[in-house]
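Hello,

Here is the structure I promised to pass on to you. Please have it open while you read, and my notes follow below.

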Amino acid sequence: MEKNLCNKCGMCCKEIPVDFTRRIIYRDGIQPLTTAFEELLVPVEEKEYVTICKCKFLEDNTCTNPEKPQICSDFPYSPLAFLPEDCGYTGEVFLKKEKLKQQVRKLKEEIIHYNALIEVTKDKTEQRQYQRIIDSHEAFIDKYKVYGSKDW
Ligand code: SF4
Ligand code: SF4
């Protein structure tokens with residue numbers, strides 16, 4: 001994030017939901033759990049689908065890791081970041097997510113438009129061009145399927 005809105009609550013390092021079975025973390029969106037990041041984690045609570053972990057380098061809400069990973073320096077980067085309650089970035093991330101949703105809605109409108117063009121044109125080349133655009137739009141929307149993009 002460009003602006004520093006962190007209020008140093010430390011929650012993003014104290015309560016990190018990790019799915020060790022599928023090797024993913026729910027933090028800056030859904031991220032792969034790397035071996036390097038796993039080494040930082042101390043499990044604190046088992047939940048139904050995830051283990052809540054804290055980072056062993058957090059002391060007095062301050063990071064003491066001399067080799068802080070890039071994903072921590074960037075946090076929160078994703079418009080789909082999972083933010084703890086009262087995180088200073090809540091408003092910023094909300095706006096970024098709304099922009100992403102708008103982009104997806106626009107692509108859905110365009111898909112309807114290109115499908116209509118495919119129906120009316122008899123030209124096979126044109127139809128293929130429209131279909132390529134539709135496929136590309138659908139691939140973009142699909143990237144965010146796990147976040148609910150089908151219903152945005
Ligand atoms: S949860 Fe948000 S406000 Fe709290 S330490 Fe992390 S980035 Fe900063
Ligand atoms: S390395 Fe630092 S910033 Fe990253 S999770 Fe640990 S304490 Fe937080």
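Asp86 sits in the loop between H3 and H4. Please keep in mind that this is a predicted model. The phi of Asp86 is positive, about 70 degrees, even though the residue is not a glycine. Is Asp86 buried or exposed? It counts as exposed, because only 12 or fewer neighbours are needed for that and Asp86 has 9 C-beta neighbours inside 10 Å.

Lys8 also has a positive phi, near 60 degrees, and is a residue other than glycine. You will find Lys8 in the segment before helix H1, which covers 11–14. Lys8 is exposed, with 10 other C-beta atoms within 10 Å. For background, most residues other than glycine have a negative phi, and most peptide bonds are trans.

That brings me to a cis bond: the peptide bond from Phe75 to Pro76, with omega near -10 degrees. Pro76 belongs to the loop between helix H3 (70–74) and helix H4 (90–120).

**The two ligands**

Which residues lie around ligand 1? The shell is made of Cys6, Asn7, Lys8, Cys9, Gly10, Met11, Cys12, Pro84, Cys87, Gly88 and Tyr89. Sorted by class, this shell holds 7 nonpolar, 3 polar and 1 charged residues.

Around ligand 2 are Cys13, Leu40, Cys55, Phe57, Leu58, Cys63, Asn65, Lys68 and Cys72.

**The chain as a whole**

Stepping back, there are 5 helices and 7 strands in the chain. Read from the N terminus, their order is α-β-β-β-α-β-β-β-β-α-α-α.

One pair of strands to look at is E2 (residues 24–27) and E3 (residues 29–32), which run antiparallel and are joined by 4 bridges. A hairpin through 1 residue connects E2 to E3. In this pairing, Arg27 has Gly29 of E3 as its bridge partner.

How does the overall size look? The radius of gyration of the chain is 20 Å, whereas a compact globule of 152 residues would have one near 15 Å. Along the principal axes, the C-alpha atoms fill a box of roughly 65 × 35 × 30 Å. Buried residues account for 12% of the 152 residues. Of the contacts between residues at least 6 apart in sequence, 55% join residues at least 24 apart.

Enjoy looking around!

Best wishes

Notes
Residues numbered from 1 in each chain as written. Chains lettered and ligands numbered in written order. Predicted model: local features only at pLDDT ≥ 70, side-chain atom pairs only at ≥ 80, totals over all residues. Pairing = 2+ DSSP bridges. Helix = DSSP H or I, 4+ residues; strand = E, 2+ residues; numbered from the N terminus. Rg over C-alpha atoms; globule rule 2.2 N^0.38 Å. Buried ≥ 20, exposed ≤ 12 C-beta atoms within 10 Å, placed from the backbone. Contact = placed C-beta atoms within 7 Å. Near = placed C-beta within 6 Å. Nonpolar A, V, L, I, M, F, W, Y, C, P; charged D, E, K, R; others polar.
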